[in-house]
Amino acid sequence: MRNETNETKKTKRTKETKGAKEPNATNQPNKPPAADPTPRLDAHHHLWDTGTGTDTATATDSSTATDSAATTTHTYPWMDGPWADPLRGRFGPAELTVATGPGAATIAVQARTDTHETRELLAIAADPRTPVVAVVGWVDLTRPDVADQIAELRSAPGGRHLVGVRHFVQDEPDPRWLLRPDVERSLAALTTAGLTYDLLVKPAQLPAAIEVAQRHPELSFVLDHLGKPEIGAGTWQPWADTIARLAALPNVSVKLSGLVTEADWRHWTIDRLLPYGRHALARFGANRTMFGSDWPVCTLAASYDTVVSVADRVCAELSAAERAHVFGATARRVYGC
């Protein structure tokens with residue numbers, strides 16, 4: 001991940017992120033349209049606790065944390081500098097509910113490369129007091145026992161909520177990592193298990209993503225964060241053409257997520273974001289596009305509500321039925337939740 005914003009070290013930009021403020025009001029999205037009749041499903045967020053020692057799976061809010069639960073402090077190697085200071089601390093189900101507001105449903109996505117975190121997220125999804133309804137977890141795709149790893153997760157508390165798998169491909173030095181024989185064998189196991197695969201890749205890795213999706217037509221792929229276009233640098237090609245090629249594959253969907261953190265965290269404008277979001281939306285269509293907040297990583301550049309407003313602006317010309325796809329129906333169909 002390394003900064004899901006930049007899930008890789010967002011470039012190690014030298015900008016300070018501690019207490020980063022959102023852009024001036026003049027650059028903020030317009031007031032969003034009236035609320036959709038169906039509850040929103042946020043298809044991409046994270047949960048973690050980097051320093052309090054409270055296991056997020058056993059404490060759904062601060063008041064329920066007990067001494068017996070306060071045994072696990074997690075580290076996230078991708079939080080590798082002062083830029084990540086605003087992300088350190090507790091971002092659990094209670095904090096998520098405050099951010100999303102009442103009635104929303106969510107899909108939690110892995111932020112560490114270990115199955116322990118996935119078990120924690122599954123336990124959270126099993127708790128009806130939380131908004132989490134599904135989990136995109138992690139298994140080691142380089143091992144030959146992926147089917148066994150999946151079976152173990154599914155037998156854990158909340159295991160029925162496992163809907164997909166993701167790996168930090170963006171951090172792999174080999175741009176063709178997805179095409180390794182051991183990885184492709186594991187992707188075939190995901191197909192057999194009826195799981196999806198989330199693609200966390202950078203633009204240079206998109207060609208391999210296209211090839212692997214072509215080789216596995218029965219596996220449902222979901223592209224995270226629009227393939228992480230370099231919005232801050234204003235780079236359009238080859239990202240735009242590569243996204244169009246990926247969108248031509250019917251087994252690939254895309255998450256409308258990560259826009260604000262792929263732009264300049266302090267000085268982004270809605271006009272800078274819209275071309276990227278609308279290009280992906282036009283290529284994939286509403287029935288293969290799903291909203292994701294990327295909370296709490298998004299808070300490096302914008303509040304949760306502002307991220308929702310950005311997505312609203314991207315979807316401003318859609319019909320009510322098409323908006324219903326982006327803000328819930330697509331994710332429910334693709335992930336089966």
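Modeller: First, a term: a helix axis here is a line fitted to C-alpha atoms over the stretch in contact, and angles run from 0 to 180 degrees between N-to-C directions. Also, this is a predicted model.

Colleague: Fine. At what angle do α8 and α9 pack, and how far apart are their axes?
Modeller: The angle is about 60°, and the axes are 9 Å apart. Helix α8 covers residues 270–284 and helix α9 covers 304–314. That angle makes α8 oblique to α9.

Colleague: Which residues make the contact?
Modeller: From α8, Ile 270, Leu 273, Leu 274, Gly 277, Arg 278 and Leu 281. From α9, Val 310, Arg 313 and Val 314. By class, the residues of this α8 and α9 contact are 6 nonpolar, 1 polar and 2 charged.

Colleague: And is the crossing of α8 and α9 left-handed or right-handed?
Modeller: Right-handed.

Colleague: Let's switch to α6. How does α6 pack on α8?
Modeller: Helix α6, residues 239–247, packs with α8 at about 25°, with the axes 9 Å apart. Angles under 35 degrees count as roughly parallel. So α6 and α8 are roughly parallel to each other. The crossing of α6 and α8 is right-handed.

Colleague: Who touches whom there, between α6 and α8?
Modeller: On α6, the contact uses Trp 239, Ala 240, Ile 243, Ala 244, Leu 246 and Ala 247. On α8, Tyr 276, His 279, Ala 280, Arg 283 and Phe 284 take part. The classes for the contact of α6 with α8 are 9 nonpolar, 1 polar and 1 charged.

Colleague: Which residues of α8 are buried?
Modeller: Ile 270, Leu 273, Leu 274, Tyr 276, Gly 277, His 279, Ala 280, Leu 281 and Phe 284.

Colleague: What do the buried residues of α8 pack against?
Modeller: Helices α6, α7 (259–262), α9 and α10 (320–335), plus strands β9 (252–256) and β10 (289–291).

Colleague: How does the span of α8 compare with what it should be?
Modeller: It agrees: at 1.5 Å a residue, the 15 residues of α8 should span 21 Å, and its end C-alpha atoms are 21 Å apart.

Colleague: What comes just after α8?
Modeller: Gly 285, with a positive phi of about 80°.

Colleague: Now the whole chain. How many helices and strands are there?
Modeller: The chain has 10 helices and 10 strands. Of its 337 residues, 58% are buried.

Colleague: And what share of the contacts with a separation of 6 or more is between residues 24 or more positions apart?
Modeller: That share is 83%.

Note on methods:
Residues numbered from 1 in each chain as written. Predicted model: local features only at pLDDT ≥ 70, side-chain atom pairs only at ≥ 80, totals over all residues. Heavy atoms only, no water. Helix = DSSP H or I, 4+ residues; strand = E, 2+ residues; numbered from the N terminus. Parallel < 35°, antiparallel > 145°, perpendicular 65-115°, else oblique. Left-handed = near helix turned anticlockwise from the far one by under 90°. Contact = heavy atoms within 4.5 Å. Nonpolar A, V, L, I, M, F, W, Y, C, P; charged D, E, K, R; others polar. Expected span 1.5 Å × (residues − 1). Buried < 20%, exposed > 50% of the residue type's maximum accessible area, 1.4 Å probe, protein only.
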